[in-house]
Amino acid sequence: YDFSQLPASAISQLKIPSNVTTGLVVAQISNNSPGNAAGLQQGDIITAVNGYKIKDYVDFTTYLYSKLQVGQTVKIDYYRNGAKKSTHLTLSGKTFS
């Protein structure tokens, strides 16, 4: 989901700081996926990949497929329960989630 499309009640429930206005909401994480291996969870808000600020789903996928390669390890910045976190994820041929 695009973060900007979430209703205020969902943003409040996810405890996201008011200064966070863009990003990508993780809708689901599949077992054996790079996202799962990196510790991402449903409801996390991805805000940056390798320092590149993610605006929405289209921006994320465009960056993912045009700038990155399978096997590359990337830094993911995200929010969970209002806390800013980061993790490293190795891209594979599988879907991200």
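**Entry 1: Helix 1 and the basis of the notes**

I looked up glutamine 13 and found it exposed, with a relative accessible area of 65%. For the terms: buried means under 20% relative accessible area, exposed means over 50%, and partly exposed is in between, with a 1.4 Å probe and protein chains only. Glutamine 13 sits in helix 1, residues 8–14. Helices (H or I, at least four residues) and strands (E, at least two) are DSSP runs, numbered from the N terminus.

The model is predicted, and local features need pLDDT of at least 70, side-chain atom pairs count only at pLDDT 80 or more, and totals for chains, interfaces and linings use all residues. Residues are numbered from 1 along each chain as its sequence is written, and side-chain values use heavy atoms, with hydrogens and water left out.

I next checked which strands pair with strand 4 (73–80). Two strands pair if DSSP finds at least two bridges between them. Strand 4 and strand 5 (residues 83–90) run antiparallel and are joined by eight bridges. Within this pair, valine 74 has leucine 89 as its bridge partner, and arginine 80 stands opposite alanine 83. The hairpin of strand 4 and strand 5 has two residues between the strands, and asparagine 81 there takes a positive phi near 50 degrees.

Strand 4 also pairs with strand 2, in the antiparallel sense, over four bridges. I noted alanine 48 and aspartate 77 as bridge partners, the latter in strand 4. Is strand 4 enclosed or open? Six of its eight residues are buried, so strand 4 is largely enclosed by the rest of the structure.

**Entry 2: Nonpolar cores**

A nonpolar core is a set of buried Ala, Val, Leu, Ile, Met, Phe, Trp, Tyr and Cys residues joined through side-chain atoms within 4.5 Å. Which residues of the largest nonpolar core touch the most other members? They are Ile46, Val49, Leu68, Val74, Ile76 and Leu89, out of 16 residues in that core. At least two residues of this core come from each of strand 2, helix 3 and strand 4. Another core, of eight residues, lies apart from it and includes Ile16, Val25, Ile45 and Tyr79.

I listed the contacts of valine 49, where contact means heavy atoms within 4.5 Å. Leaving aside neighbours within four places in sequence, valine 49 is in contact with Ile54, Phe60, Tyr63, Leu68, Val74, Lys75 and Ile76.

**Entry 3: The second largest pocket**

On a 1 Å grid over the protein atoms alone, a pocket is an open set of points where a 1.4 Å probe fits, with protein on both sides within 12 Å along at least five of seven lines; lining residues have an atom within 4 Å of a point. The second largest pocket holds about 220 Å³ of space. Grid points are joined across faces, edges and corners, and the volume is the space filled by probe spheres set on the points.

Its lining consists of Asn19, Val20, Thr21, Thr22, Thr47, Ala48, Gly51, Lys53, Asp77, Tyr79 and Lys84. Strand 2 (45–49) and strand 4 are the elements that give two or more residues to this lining. By type, the lining has three nonpolar, five polar and three charged residues. Here Ala, Val, Leu, Ile, Met, Phe, Trp, Tyr, Cys and Pro count as nonpolar, Asp, Glu, Lys and Arg as charged, and the others, Gly among them, as polar.

Threonine 47 lies in strand 2 and counts as buried at 15% relative accessibility. Beyond neighbours within four places in sequence, its contacts are Val20, Thr22, Tyr52, Lys53, Ile54, Asp77, Tyr78 and Tyr79.

**Entry 4: Loops**

Asparagine 32 is in the loop between strand 1 (24–25) and helix 2 (34–37). Its phi is positive, about 65 degrees, although asparagine 32 is not a glycine. Asparagine 32 counts as exposed at 62% relative accessibility.

Asparagine 50, in the loop between strand 2 and strand 3, has a positive phi near 50 degrees. Asparagine 50 is partly exposed, with a relative accessible area of 36%.
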